[in-house]
Amino acid sequence: MKECRIGVYICMCGTNIAKMVDVESVAKFISAVPNVTLVKTYKYMCSNPGQEMIVQDIKQNQLNRIVVAACSPSMHERTFRGALRKAGLNQYLFEMANIREQCSWVHDDPEEATKKAMALTYAAVKRVELHEPLESIFVDMCPNVLVIGGGIAGMTTALELADSGYQVYLVEKDSRLGGNLARVDLTAPYLYSARDLLTERITRVLNNKQIQLHLQSKVTSLSGFVGNFKANIQKQNGQGSTGSKPFEVRIGNIAVCTGYKEFDASRITHYGYGKLPNVITSFELEKMIRSGRIETKEGKVPQYVAIIHCVGSRNLEFHTYCSRVCCMTALKYVHEIKSANPACYVSDIYIDMHAFGKGHEDFYKRSSEVKTLFLMYEKGDRPVIHRAGPKDDCEMLIEVNEKLSGELIEIPADLVVLMVGMEAREDSAEVAHLVNISQDKDGWFIESHPKLEPVATTTDGIFIAGTCVAPKDIPDSVAQARAVAARILAKISRGKIEVDAVYSEVDENVCSGCRFCNKLCPFSAIEYEEEKGHSHIISALCKACGVCVAACPSAAIKGRQFTDSQVIAQIDALISKVEYV
Amino acid sequence: MLYKEVIMAIRVNPRLIDDLERFGAEDVQFCYHCGDCSTVCFHSDQMYRFPRKSMRFLQMGLGRKIETTLEPWLCYYCGQCSEQCPREADPGETMMSLRRWLISRYDITGIARLFFKSLTTEILAVIGVAVLTGAFLLYYGLSQGNFSIYDGEGAFLPSHFIHSFDLLVGACLAVFLLINAVRMWFFVMVRGTSFPVPWWLYLKKLYLMVWHFFSQRRYAECKSTRPTKIFMPWIVHLGLMLGYIIMLVLVMVFIEKLQSGPRIDWSVHIFGYLASVGLIIGTIYFIRKRISRKNYVQYKKSHSTDWVFVILLFMIVLTGICQHIFHRTGLNELANGTYIIHLMAVVPWLLRMPFSKWSHLVYRPLAMYFAEIRRDALERQDAVLPSYSY
Ligand SMILES: Cc1cc2nc3c(=O)[nH]c(=O)nc-3n(C[C@H](O)[C@H](O)[C@H](O)COP(=O)(O)OP(=O)(O)OC[C@H]3O[C@@H](n4cnc5c(N)ncnc54)[C@H](O)[C@@H]3O)c2cc1C
Ligand code: SF4
Ligand code: SF4
Ligand code: SF4
Ligand code: SF4
């Protein structure tokens with residue numbers, strides 16, 4: 001092996017590290033370690049001058065190993081690897097010591113913290129000596145795309161991709177396209193017709209030759225990795241799949257747009273949904289509006305309509321989140337009811353009026369114009385619906401502690417509309433498992449970063465859009481759908497994809513074929529090759545978590561960049577009796 | 001909640017807001033309860049919070065609740081709240097409309113309500129009363145006197161007769177006002193007060209009513225970024241109020257001295273002139289503000305019945321002065337003629353008062369009086385039972 005010439009950089013991170021760790025002492029200590037050619041401290045290593053310093057030092061001092069003692073590698077490993085590449089050095093000849101998150105931020109004794117920083121940096125130096133240059137692999141990107149879900153989000157993604165010339169497989173489990181939006185009449189806040197919005201999309205999907213539509217179908221299996229997935233699409237009839245042969249497709253990326261389902265109002269027993277005939281859900285009202293007649297079960301035109309917000313949303317019992325669209329939808333009903341019957345009195349019983357979006361506040365004001373009676377209730381203190389007495393001029397009376405007046409009031413109602421919230425579909429866990437993505441506590445799919453990566457997931461090549469991520473309205477769903485299309489197009493345009501060289505490998509000569517590791521891998525990266533009789537790791541899927549490495553009873557699996565010798569050298573360094581002065 | 005044993009749910013009435021629209025409240029529905037208005041209102045305090053809460057009761061149609069509140073009377077329509085309101089819900093105008101509505105609620109006859117809702121009815125009623133008055137006076141004058149004699153022997157309308165006539169009209173006025181005041185007391189102090197009020201507080205606070213009646217001080221208490229505009233309404237209200245009172249006393253008590261002539265009896269006439277000046281200035285002020293509304297929130301939407309008042313007042317002042325001049329210059333026929341016209345305006349104007357906005361002259365001081373009694377009574381209660389929550 002060539003002589004090791006290690007460059008060590010100790011970051012102050014402004015005062016984040018320097019206020020607890022004496023970086024100069026660390027530098028002094030490290031400079032005495034064998035093979036360390038150069039040690040520097042700097043205020044912000046990740047800054048451009050900081051990186052440039054590394055590049056120059058590598059060139060001038062023929063450094064061939066780099067250690068940066070700074071923040072967490074999940075923060076800046078990529079950054080510093082980039083600096084190595086720029087200087088012409090293999091990017092894997094690099095190691096980071098985390099002296100911020102795991103040291104300066106969590107300790108309050110500067111002396112001890114400094115000693116710990118010395119130990120961590122020393123261990124990193126010992127480890128990096130054993131690093132080997134690794135090469136990233138490149139795989140071909142299959143340009144076909146699978147879109148699961150034919151709602152407004154799924155159709156939009158499919159159209160965007162197909163219009164760019166790529167083959168799209170659109171799988172919809174229902175017998176028609178449109179999803180939940182097909183059940184809506186007008187849309188808030190501009191009162192566009194949902195039907196018009198959808199008809200245009202649906203016609204375009206049906207006429208687009210690049211889109212292969214599979215109605216009443218489900219994706220039953222998925223294998224492979226980003227750029228090279230294989231999926232089976234199977235026609236459904238009634239319950240479960242039919243005997244018909246599944247249709248196999250090859251795709252490079254997948255857009256999951258499976259949407260939401262409405263909250264089941266009968267779960268809130270005291271609203272009497274299902275028992276009181278004239279307590280209906282928002283979707284039932286949509287149906288009435290679409291049929292052109294808003295009436296009670298007895299066929300009368302209601303004189304009083306009451307709308308109750310946050311049904312199933314924003315409480316500890318059911319869902320804590322806000323469903324985001326029901327407030328504006330309720331206002332939309334106000335307009336629709338009032339225009340159908342101007343003499344009708346509409347009470348809107350809400351917790352808070354969430355009018356955050358474009359045009360929403362104006363829409364709220366316009367709803368005041370038609371003299372809607374807005375009433376506010378306390379989160380934990382739901383309105384109670386009673387049947388009215390024979391002397392009352394209404395069907396029901398709603399009792400509520402009205403917050404803005406402080407009075408206990410009763411509101412006449414002939415028709416009560418429950419604004420049911422959105423929730424994850426019952427088969428969302430199935431879908432999540434199929435495409436290997438995670439769900440949050442409410443069942444919504446988790447994005448890889450809520451701010452910066454809103455449509456990507458932790459599985460490469462799987463993207464999510466629309467209301468399967470969280471409740472949202474049409475504009476937000478469509479924006480996400482187009483974002484997914486843009487992300488996929490960017491991937492396709494690169495032609496090949498680079499796979500991180502840090503992954504695990506099975507030594508086929510040692511593997512006994514026990515298949516123990518196959519089930520353990522959290523990323524489904526291990527497949528069993530029947531004919532050869534041993535396991536194989538798909539490098540593009542492996543995230544190098546190391547589970548299989550530790551589990552293999554034959555020690556047949558090696559984690560690249562996490563070899564036994566590297567890890568042991570690091571541990572040895574940490575527990576060795578070095579005098580940290 | 002010690003004094004409200006069982007809390008019964010109150011039924012909302014979405015129709016009340018439509019009703020109030022005819023009393024002038026056109027924008028209440030826009031209020032979304034940010035509370036800015038109550039924050040800027042100089043008169044709103046811990047116990048009497050407004051105008052937001054009044055807006056709320058009105059939106060919900062809690063008529064029986066509003067009936068028992070004093071808040072509308074504690075507002076002096078400085079317009080600060082309406083200027084601040086982000087939703088242009090015009091809380092100041094709403095308070096004004098609520099005062100009109102309250103007047104119609106205090107009024108047992110239902111006349112006030114009719115007048116507020118239909119200008120035509122009001123004008124017809126005014127004309128009717130005026131014609132009746134004129135006919136009666138003409139009949140009386142012609143049957144016992146001489147049209148060309150103004151005072152003394154054989155006078156067309158002898159002063160002792162006018163005196164009795166005035167007292168009769170005054171008595172009617174007093175009876176109506178008294179009934180309304182009692183109803184107001186009943187709404188506010190009986191139905192709307194859930195804590196005990198000791199009787200002697202009524203005596204202790206009596207001075208307040210007198211003080212507020214004569215000083216109209218609350219107008220001057222409104223603080224504004226533009227002080228002159230607030231100061232003016234106070235001066236004008238003070239002037240008008242004093243003008244009315246002096247005139248009323250002169251007419252009710254000293255009419256015979258006032259009507260004798262042609263020599264001017266300065267001991268009474270000096271007051272008459274002063275009062276006339278006050279009334280003229282007040283009337284001109286009101287007319288001007290109602291014509292050039294733009295600078296004054298208060299007059300942006302003056303109710304049509306306000307005009308009936310202004311026009312009648314103007315006629316009274318004009319004919320009063322003419323009649324006085326004609327009499328002193330010996331033009332007795334003209335003096336008698338204008339006198340009849342004068343009285344034809346005075347009688348409907350006075351009788352209309354308990355049914356119109358101008359009864360606030362009585363309700364405002366009463367409201368201040370009741371408000372302070374309630375405040376004291378509640379404080380006494382708090383001292384005994386600190387946990388009582390209003
Ligand atoms: C009462 C109500 C009124 C509304 N009004 C408005 C409004 O006025 N304005 C507005 O902006 N928004 C409104 N919304 C919100 C709007 O409905 C959603 O934003 C929009 O429908 C989301 O579209 P989506 O494609 O994400 O989901 P969805 O419409 O739910 O579509 C998902 C599709 O995926 C299919 N699918 C699900 N699982 C699978 C699977 N495993 N395999 C294959 N296919 C699958 C479903 O069958 C469905 O067709 C309203 C919502 C409600 C509840
Ligand atoms: S959008 Fe409105 S009604 Fe829907 S959950 Fe949120 S606050 Fe409640
Ligand atoms: S290292 Fe982790 S991700 Fe990679 S194959 Fe093994 S278990 Fe799977
Ligand atoms: S400022 Fe306007 S919107 Fe706000 S509470 Fe007052 S009247 Fe209502
Ligand atoms: S008009 Fe003036 S006094 Fe009346 S409520 Fe508004 S701020 Fe208060």
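Modeller: A:Lys261 is partly exposed, with a relative accessible area of 22%, where buried stands for under 20%, exposed for over 50% and partly exposed for what lies in between (1.4 Å probe, protein chains only). This is a predicted model, in which local features need pLDDT of at least 70 and side-chain atom pairs count only at pLDDT 80 or more, while totals for chains, interfaces and linings use all residues. Residues are numbered from 1 along each chain as its sequence is written, chains are lettered from A and ligands numbered from 1 in the order in which they are written, and side-chain values use heavy atoms, with hydrogens and water left out.

The side chain of A:Lys261 meets that of A:Glu423 in a salt bridge at 2.4 Å, N to O, the term standing for a side-chain nitrogen of Lys or Arg within 4 Å of a carboxyl oxygen of Asp or Glu. This pair links distant parts of the chain, since A:Lys261 belongs to strand 15 (residues 260-262) of chain A and A:Glu423 to strand 24 (residues 422-424) of chain A, 162 residues apart; strands here are DSSP runs (E, at least two residues), and helices are runs of H or I with at least four, both numbered from the N terminus. A:Glu423, with a relative accessible area of 7%, is buried. Side chains of opposite charge can pair when their charged atoms come close. Over all chains, a search of the whole structure finds 47 salt bridges.
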